[in-house]
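Please open the structure in your viewer and keep the sequence at hand. The tour below says what to select next and what is there.

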Amino acid sequence: AVLPPTPRKQTWNRQLAPSTAFTWLVVGWRDLKVQPLSSLIYGALVFLVSVAIVVGLVVFGWDYILLPAFAGFMVVGPLLAIGLYEKSRRIASGESVSLLRMIFVKPRSGGQVLFTGILLCLLMLLWMRAAVIIYALFFGLRPFPGLDHIVPMLFTTPTGWMMLIVGSVVGGLFAAFSFAISALSIPMLLNERVDALT
């Protein structure tokens, strides 16, 4: 008789105390001190890509989605940090660390990280669409007034304040959902052979 396969032993802990996040920050700071230049260059590259996206939005006249795009960067942030996760993984396993290995990451789960990245990008696009709808609900279908007029419009009118409150709550929900599906899953996909749905 053929025995059924034994269930995969879970290597992750689902019962974490809130203070665990502070431990991760301490360990992350320690990992930053190991070849700090690679982490700083990686961060600078992410910053430059972000600047290029912002400049592209302004050049193509899509400045009306600039503010939601800033919030959208937080949604895809865990995916952008995969190089830093790889550096920490390599330090923990005693492997060599280099900027190239941080940029050209080879996750153990293969393309499952790409699936998670696509999900986060779709979530960011959905957030940007929701932000445009929120703007339309509060200010109607009039065109975006431009960056030089939007700040006074948002901060000096009751309608602007209400839109900021509603937009922050809705954006917070998007960010919380993004955090819930990616903060632990992307490092897990990097380190283990699991699928994205797991």
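This is a predicted model: local features need pLDDT of at least 70, side-chain atom pairs count only at pLDDT 80 or more; totals for chains, interfaces and linings use all residues.

Residues are numbered from 1 along each chain as its sequence is written, and side-chain values use heavy atoms, with hydrogens and water left out.

**The loop at Gln35**

Begin by selecting Gln35, which is placed in the loop between helix H1 (20-33) and helix H2 (36-59); helices here are DSSP runs of H or I with at least four residues, numbered from the N terminus. The phi angle of Gln35 is near 50°, a positive value in a residue other than glycine. With a relative accessibility of 41%, Gln35 counts as partly exposed, a term for values between buried (under 20% relative accessible area) and exposed (over 50%), computed with a 1.4 Å probe on protein chains only.

**Helices H2 and H3**

Two packed helices are described by the angle between their axes and the distance between the axes. Select H2 together with helix H3 (residues 66-80): they pack at an angle of about 150°, and their axes are 12 Å apart. Axes are lines fitted to C-alpha atoms over the stretch in contact, and angles run from 0 to 180 degrees between N-to-C directions. H2 and H3 are therefore roughly antiparallel to each other, the word used for angles over 145 degrees. The crossing of H2 with H3 is right-handed, meaning that the near helix is turned clockwise from the far one by less than a right angle.

To see the contact (heavy atoms within 4.5 Å), highlight residues of H2, including Tyr42, Val46 and Ile53, and residues of H3, among them Phe70, Phe73 and Leu80. By class, the residues of this contact are 11 nonpolar, one polar and no charged, where Ala, Val, Leu, Ile, Met, Phe, Trp, Tyr, Cys and Pro count as nonpolar, Asp, Glu, Lys and Arg as charged, and the others, Gly among them, as polar.

The structure holds five salt bridges, each a side-chain nitrogen of Lys or Arg within 4 Å of a carboxyl oxygen of Asp or Glu.

Which residues are joined with it into one network? Salt bridges that share partners connect Glu86, Arg89, Arg90 and Glu95. Glu95 meets Arg90 at 3.0 Å, N to O, and Arg89 at 3.3 Å, N to O.

**Helices H6 and H8**

Finally, select helix H6 (residues 112-139) and helix H8 (residues 158-182), whose axes come within 10 Å and cross at roughly 165°. H6 and H8 are therefore roughly antiparallel to each other, and their crossing is right-handed. The contact of H6 with H8 has 17 nonpolar, six polar and no charged residues.

Note on methods
Helices (H or I, at least four residues) and strands (E, at least two) are DSSP runs, numbered from the N terminus. Angles under 35 degrees count as roughly parallel, over 145 as roughly antiparallel, 65 to 115 as roughly perpendicular and the rest as oblique.
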